[in-house]
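I opened a new notebook page for this structure. Below are my entries, in the order in which I looked things up.

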Amino acid sequence: MPKKKEEKSAGEQLREKLIYKKKTVFEKCPDEEKEVFEYAKGYMQFLDNSKTERDATAYSIELAKKKGFAEYRLGMKVKAGDKFYYNNRGKSVYFFIIGSENIENGMAITAAHIDSPRLDLKPNPAYEANGMAFLKTHYYGGIKKYQWTAIPLALHGTVTLADGKTVDVKIGEAADDPLFYVNDILPHLARDQFAKPTGSAIEGEQLNLLSGSMPFDTTTPEAIKLNLLRILNEKYGMTEADFQSAELCAVPAEKARDIGLDRGLIGAYGHDDKVCAYPEITAVLSLDKPKKTVMSILADKEETGSDGNTGMKTSAFCDIIADICASMKKNERIVRANSVCLSADVAAGYDPNFAGAFEINNSAIINCGIALCKYTGGGGKSSTNDASGEYVGKIRKIFDDNGVVWQTCELGKVDQGGGGTVAKFISEKNIDTVDVGVPVISMHAPYEVVSKFDVYNMHKAVVAFYTAE
Ligand code: MN
Ligand code: MN
């Protein structure tokens with residue numbers, strides 16, 4: 001006879017009631033694998049087409065146009081049900097849908113960033129030395145410089161020519177395209193390098209792109225550099241001086257791929273922060289006639305501090321809101337005061353290989369859903385938006401009511417380091433804001449890792465947030 005199921009002890013019952021236990025996506029949503037894997041395909045396509053902010057802006061606008069979004073220009077009239085995108089200089093984009101209820105009840109805003117760490121070309125990058133031509137770079141965002149050597153790199157961006165015409169450049173993405181490369185020293189001769197701290201094992205001025213090796217002829221001085229410039233001139237009509245008005249970024253050439261035999265993880269360049277940008281896009285494009293006015297922001301320049309007119313500190317953000325309010329004869333200040341925002345940015349995924357950097361009870365564990373980070377910053381909570389308990393409570397309820405798997409986290413151990421997001425630049429506009437995002441392993445490396453299940457929960461979270469009462 002089967003043994004009768006034993007009653008739970010009073011202690012066990014109380015434990016279940018009172019003790020918080022973090023659960024995995026597999027425990028909480030055991031039947032979602034098919035949707036999760038399907039969703040990941042779209043995300044991986046987005047990644048391969050969105051390595052820079054310019055690429056991400058163009059690609060996401062194409063997706064939005066297919067769903068009936070029209071271009072918005074400041075001064076235009078808006079009405080309930082309108083779907084718009086505001087293209088900020090091709091490097092940042094705001095998608096918004098005018099809701100059916102009074103906008104003074106507040107907007108639901110999400111903000112992710114679409115720039116990622118990389119190597120930008122300097123204004124005068126080309127030189128030749130000892131049989132090789134190079135392009136000098138200045139790194140963009142927080143990188144571990146040694147990680148950018150000896151990997152395949154592609155070049156993306158624009159060149160504005162002397163006549164004012166701008167041409168797009170993309171080299172290294174097609175299967176038979178040539179690539180770029182940053183040299184490293186062989187281990188046999190690395191005694192000096194091995195003795196250095198990793199932070200200076202590769203210096204900024206060593207991040208030079210190997211770009212050519214064949215001379216134009218054997219008599220002209222600097223003939224390898226000349227040959228490189230000849231090829232660029234034939235392809236793009238540019239001269240060396242045109243580098244001065246170019247924005248060219250060296251990014252990892254690898255495509256997004258499944259990681260692990262079970263294919264549950266995605267390896268790719270630039271998960272930070274496309275892994276939150278893509279769920280914002282799919283969420284806003286999934287809406288038909290939302291009650292609330294929703295806005296999905298894809299910002300530039302987060303990795304360098306959110307400065308500049310395409311970063312989150314730009315007045316474009318408030319200008320658009322003010323403009324919508326003017327068109328609807330509503331009070332912009334009331335709208336902002338009642339608005340809510342998710343600063344959608346990645347969290348540091350707990351890594352058992354570097355356990356010492358984390359405090360396990362307050363870390364984002366992979367496959368335990370999206371991570372809510374009440375505050376970021378460093379030291380004694382400096383330079384952070386510390387979301388109020390009440391606002392976190394509101395978001396927590398929205399997620400729980402809608403089956404979003406989520407967890408809370410800090411970046412890492414206290415005083416181990418620090419970091420920020422766009423949250424503080426939005427909350428200072430008198431908008432309740434909290435950081436929520438997908439945990440990433442090896443954040444800011446040329447190839448980062450996330451869980452497909454966590455990505456899908458980010459999509460669910462943004463949909464729930466946009467449609468919450
Ligand atoms: Mn980020
Ligand atoms: Mn980052």
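I began with the metals, and I took donors to be N, O and S atoms within 2.8 Å of the metal (3.2 Å for Na, K and Ca); water is not among the atoms, so sites may look incomplete. The model is predicted, so I noted that local features need pLDDT of at least 70, that side-chain atom pairs count only at pLDDT 80 or more, and that totals for chains, interfaces and linings use all residues. Residues are numbered from 1 along each chain as its sequence is written, chains are lettered from A and ligands numbered from 1 in the order in which they are written, and side-chain values use heavy atoms, with hydrogens and water left out.

**Entry: the metal pair**

I asked which residue bridges the two manganese ions. I found D272 between the manganese ion (ligand 1) and the manganese ion (ligand 2), which lie 3.3 Å apart.

I listed the protein donors of ligand 1: H113 (NE2), D272 (OD), D345 (OD) and D345 (OD), at 2.1 to 2.6 Å. Their spacing in sequence reads H-x158-D-x72-D. I placed H113 in strand β4 (residues 107–113) and D272 in helix α8 (residues 271–286), so this pair ties together parts that are 159 residues apart in sequence. For these elements I used DSSP runs, numbered from the N terminus: helices are H or I of at least four residues, strands are E of at least two.

I then turned to ligand 2. D272 (OD), E303 (OE), E303 (OE) and H444 (NE2) coordinate it at 2.0 to 2.7 Å. The donor residues are spaced D-x30-E-x140-H. E303 sits in the loop between β14 (293–299) and α9 (316–328), and H444 in the loop between β22 (439–440) and β23 (448–451), so the two join parts that are 141 residues apart in sequence.

Most residues other than glycine have a negative phi, and most peptide bonds are trans. I noted a cis peptide bond from D272 to D273, with omega near 15°. D273 is in helix α8. A150 is not a glycine, yet its phi is positive, about 55°. I located A150 in the loop between β6 (132–140) and β7 (153–160).

**Entry: two domains**

I read the domain bounds, which come from an automatic or database domain assignment. Domain 1 covers 21–116 + 269–467, and domain 2 covers 118–252. Their C-alpha centres lie 33 Å apart. With contact meaning heavy atoms within 4.5 Å, 16 residues of domain 1 and 15 residues of domain 2 take part.

How much area is buried between domain 1 and domain 2? I noted about 1,400 Å², with carbon and sulfur atoms giving 49%. That is accessible area (1.4 Å probe) lost when the two parts are put together, summed over both. K51, R54 and P446 supply 34% of what domain 1 buries against domain 2, more than any other three residues.

**Entry: salt bridges**

I counted a salt bridge when a side-chain nitrogen of Lys or Arg is within 4 Å of a carboxyl oxygen of Asp or Glu. The structure holds 29 salt bridges. Five salt bridges lie between domain 1 and domain 2. I looked up E247 and K91, which form a salt bridge with the closest N and O atoms 2.9 Å apart.

I also checked E32 and K460, whose salt bridge is 2.8 Å, N to O. E32 lies in the loop between α2 (25–28) and α3 (33–48), and K460 in helix α13 (residues 452–467), 428 residues apart.
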